[in-house]
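Student: I would like to learn how to read helices and their packing in a model. Where do we begin?

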Amino acid sequence: MASRVIQRNNVSGRAFCGRSDPVVCVIGHTGVGKSAFCNTLVGSKIEGQEEDITKREFPESSGITSMTNDTCAVSGKCWLGKKGDEFTIIDTPGLGDSRGKDVHNITQMLRTLTKIGSVNAFCILFNGGMPRMSDQLRDMLEIFAGCFGSGFFNNAMCVFTHWAYDKKSKRKRKKTQSTEKDRRTEFQKLFLEKYNVKAIPCIFIDNSLDDDDDVDELRALEDQVGIIKHFAETIDTFECQDILAVKTKYAKLREGLEKLKREQQAERQAAQSARSRSRSNASSSRKR
Ligand SMILES: Nc1nc2c(ncn2[C@@H]2O[C@H](COP(=O)(O)OP(=O)(O)O)[C@@H](O)[C@H]2O)c(=O)[nH]1
Ligand SMILES: [Mg+2]
């Protein structure tokens, strides 16, 4: 059994400052499989340690309500349960939250991301069985681009979950013209038209696989996860420290973001005065 070194961190603290490992942030609609995907990435499921999905490293939902209430980051030293280089995965609450907490969730997500400071890969998740760009996801992408700048899309990739690799599923997809190639063409066109993003990478994942599943299916999953890992390790890090503009149709969200922006400015001013204080202390001690 693969060994794992996972450390759950409280993202409201400063645990991540100065970190240099790749950071993967997972976003998308409630129920698309974000938490399950995080478990796939860390290998929580492959190990089969937690039969109860609500008790996995990233608790998954067994119904339509979201199990993920807070943006939550986990650092570890494994991909797919195999020991390797350090990385951090950020799971986020879903959009279209069944309890109507989208505005709160997005504000909290942006707050956490500005604290963490940088992200390598933003994985935008879709349910591969019925992928669609929901209004909530569209709004969220626009909010992210509005807050962090459209450069955020350079670090984005589309991940399609519920993508079974067994022969029957593959045959069915071929018949219904919903193969990997079809989805890729469709979504790359959509992202190009909507957000001017060229050739966004598209990945296909089956989160339900277990380590006693078919070898070819596990290999297909490994290949796809390998692409994400390579992307996160090689792409220029995206810095999300600065909230740029706060233009959104949600009044409450705008309020929260404006508060966040003021906090950032106050933090920057405090840091600047601390720097000038220490400079003047140093120069007066040199004179003495
Ligand atoms: N068969 C299958 N089930 C999945 C897959 N991804 C997620 N699920 C299941 O879908 C449900 C919702 O997943 P969850 O990760 O909680 O969704 P979230 O709200 O986006 O975090 C859970 O019961 C998962 O076990 C997948 O790729 N294949
Ligand atoms: Mg979740």
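Tutor: Helices (H or I, at least four residues) and strands (E, at least two) are DSSP runs, numbered from the N terminus. This is a predicted model, in which local features need pLDDT of at least 70, side-chain atom pairs count only at pLDDT 80 or more, and totals for chains, interfaces and linings use all residues. Residues are numbered from 1 along each chain as its sequence is written, while chains are lettered from A and ligands numbered from 1 in the order in which they are written.

Student: What span should the 15 residues of α2 have?

Tutor: At 1.5 Å a residue, α2 should span 21 Å, and its end C-alpha atoms are 21 Å apart, so the two agree. Just after α2, Gly117 has a positive phi of about 95°.

Student: How is the packing of two helices described?

Tutor: By the angle between their axes and the distance between the axes. Axes are lines fitted to C-alpha atoms, for helices over the stretch in contact, and angles run from 0 to 180 degrees between N-to-C directions. Here α2 (residues 102–116) packs against α7 (residues 251–287) at about 20°, with the axes 9 Å apart. That makes α2 roughly parallel to α7; angles under 35 degrees count as roughly parallel, over 145 as roughly antiparallel, 65 to 115 as roughly perpendicular and the rest as oblique.

Student: Which residues of α2 and α7 make the contact?

Tutor: Two residues are in contact if their C-beta atoms, placed from the backbone, lie within 7 Å. On α2 they are Val103, Ile106, Thr107, Leu110, Arg111 and Thr114; on α7 they are Lys252, Leu253, Gly256, Leu257, Leu260 and Gln264.

Student: Is α1 enclosed or open?

Tutor: A residue is buried if 20 or more other C-beta atoms lie within 10 Å of its own, exposed if 12 or fewer, and partly exposed in between, with C-beta atoms placed from the backbone. In α1 (residues 34–42), nine of the nine residues are buried, so this helix is largely enclosed by the rest of the structure. Gly43 follows α1 with a positive phi, near 90°.

Student: Why does Ile89 count as buried?

Tutor: Ile89, in strand β4 (residues 82–91), counts as buried because it has 26 C-beta neighbours inside 10 Å. Leaving aside neighbours within four places in sequence, its contacts include Cys38, Leu41 and Val42, which are among the buried residues of α1.

Note on methods: Expected span 1.5 Å × (residues − 1).
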